[in-house]
Amino acid sequence: MATVQLKALSKVYGTTVRAVDSVDLSISDGEFIVLVGPSGCGKSTTLRMIAGLEDISSGTISIGDRIVNDVAPKDRNIAMVFQNYALYPHLNVRQNLSFGLERRRTFKSRWRGIWDSAYRARRHAEHLAIRARVDAAARTLSIEQLLHRPPRELSGGQRQRVAVGRALVRDPAVFLFDEPLSNLDALLRGEMRTELRILHRSLRATMVYVTHDQEEAMSLADRMVVMKDGVVQQIGSPTEIYERPANRFVAGFIGTPPMNMFDGRLSRKSDGTFSFRWNQSEFSLTETQWDAAALSAIGEKAVTMGVRPDRLKIMPAGDTQGAATITGTIATIERYGPLADIVTQVSAMRVTTRTATDSLGPLHEGDTIHLRLETNSAHLFREDGKAVTASKR
Ligand code: ADP
Ligand code: MG
């Protein structure tokens with residue numbers, strides 16, 4: 001097992017494309033790290049540089065206490081699992097699993113074994129050791145009963161398991177995964193996530209996992225690294241990132257359905273406190289929630305208030321309790337068993353509310369709805385996107 005350290009790691013393609021821009025990341029021994037971000041943000045390039053499959057433009061990569069910038073991929077003690085698992089079609093599962101180990105054998109020659117009995121004995125011992133490692137990996141992944149089958153007789157999930165098995169038999173210090181579940185259907189993806197988490201817990205191996213799917217990232221990661229345009233936006237546990245997104249991009253990217261973003265203005269009231277103005281409504285910002293100094297520093301500027309869909313509360317018609325509300329027309333109601341998403345058209349904006357289906361009551365598409373925006377559970381972003389720190393949440 002090993003730590004992985006990236007220091008000011010960059011990759012420039014040609015002269016202009018900064019695919020990875022000065023990434024600093026310190027991965028602990030045994031940690032499950034997920035790099036997540038939209039397509040093209042530099043996740044694969046980062047992973048491929050760790051693997052040694054891609055040259056580094058600048059910066060350093062260390063695995064354990066060794067800088068590996070100039071170490072060949074095969075000598076880095078890592079194993080990588082790709083999205084298209086590319087099993088050898090003419091080999092059965094056992095042969096696919098042992099292929100890499102067979103190629104690295106010390107006592108390879110069958111011919112020499114014929115006339116050199118000491119060599120033959122060691123060759124046989126090596127053969128048994130490889131068999132044992134393949135058997136152990138097959139047991140871990142519950143594919144023992146598939147060992148004699150060719151890949152074409154396997155389901156997508158089974159193939160993916162064999163691909164993970166190929167990494168497992170090598171017993172690497174670091175596992176690298178590049179969107180390994182993207183080719184599977186949603187149900188299977190969910191199952192494989194659970195299996196990967198369990199596998200990680202039993203191996204306690206260092207794992208670096210790349211995905212564009214933020215839900216997958218949330219469900220797998222000890223810590224996530226959110227990237228955009230080659231730049232790290234935030235590093236933290238799924239809970240930290242969900243509850244305290246560092247900027248508007250992270251806030252909008254993480255969470256389902258996405259956070260509602262109200263683009264409005266900060267305004268100073270006559271008593272010196274601040275309020276948020278949006279669409280002719282005014283929402284008080286309490287100083288117990290928002291750092292007064294931070295609000296003063298912004299002044300009367302454009303800001304964005306972000307509210308997660310489950311934080312908007314439906315107000316009973318005719319009872320808005322004098323609170324500042326958002327009023328609109330229900331465009332759609334989508335029911336997902338116990339939960340329902342209501343999309344409300346409010347002037348030019350679509351506002352999503354997530355609620356318990358039970359609490360929908362008599363609401364229908366086309367009805368007028370009043371939503372309560374609680375600034376206490378909202379996020380505030382400056383015009384440059386940076387989150388205003390909440391003193392309490
Ligand atoms: P991700 O895996 O996050 O989708 P990549 O790391 O594959 O993103 O790509 C990051 C950026 O680098 C993209 O803009 C992509 O077009 C560019 N890129 C990737 N590989 C190459 C290459 N071989 N030559 C030039 N540009 C590349
Ligand atoms: Mg990629």
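Analyst: Before we start, a word on classes: Ala, Val, Leu, Ile, Met, Phe, Trp, Tyr, Cys and Pro count as nonpolar, Asp, Glu, Lys and Arg as charged, and the others, Gly among them, as polar. This is a predicted model, in which local features need pLDDT of at least 70 and side-chain atom pairs count only at pLDDT 80 or more, while totals for chains, interfaces and linings use all residues. Residues are numbered from 1 along each chain as its sequence is written, chains are lettered from A and ligands numbered from 1 in the order in which they are written, and side-chain values use heavy atoms, with hydrogens and water left out.

User: OK, which residues surround ligand 1?

Analyst: The shell consists of Tyr-13, Ala-19, Ser-39, Gly-40, Cys-41, Gly-42, Lys-43, Ser-44 and Thr-45, where a residue is near if one of its heavy atoms lies within 4 Å. By class, three are nonpolar, five polar and one charged.

User: And which helix gives the most to that shell?

Analyst: That is helix α1, residues 43-51, which contributes three residues; helices (H or I, at least four residues) and strands (E, at least two) are DSSP runs, numbered from the N terminus.

User: Why is α1 described as largely enclosed?

Analyst: Seven of its nine residues are buried, so the rest of the structure largely encloses α1. Buried means under 20% relative accessible area, exposed over 50% and partly exposed in between, with a 1.4 Å probe and protein chains only. Among the buried residues of α1 are Lys-43, Leu-47 and Ile-50.

User: Switching topic, where is Arg-105?

Analyst: Arg-105 sits in the loop between α2 (93-103) and α3 (110-115), and it is buried, with a relative accessible area of 10%.

User: Which residues is Arg-105 in contact with, leaving aside neighbours within four places in sequence?

Analyst: Arg-105 is then in contact (heavy atoms within 4.5 Å) with Arg-123, Glu-126, His-127 and Ile-130.

User: How many salt bridges does a search of the whole structure find?

Analyst: The search finds 17, a salt bridge being a side-chain nitrogen of Lys or Arg within 4 Å of a carboxyl oxygen of Asp or Glu. One of them joins the side chains of Arg-161 and Glu-195 at 3.2 Å, N to O, and this pair links distant parts of the chain, with Arg-161 in helix α5 (residues 156-168) and Glu-195 in helix α6 (residues 186-203), 34 residues apart.

User: Are those two buried or partly exposed?

Analyst: Arg-161 counts as buried at 13% relative accessibility, whereas Glu-195 counts as partly exposed at 31%.
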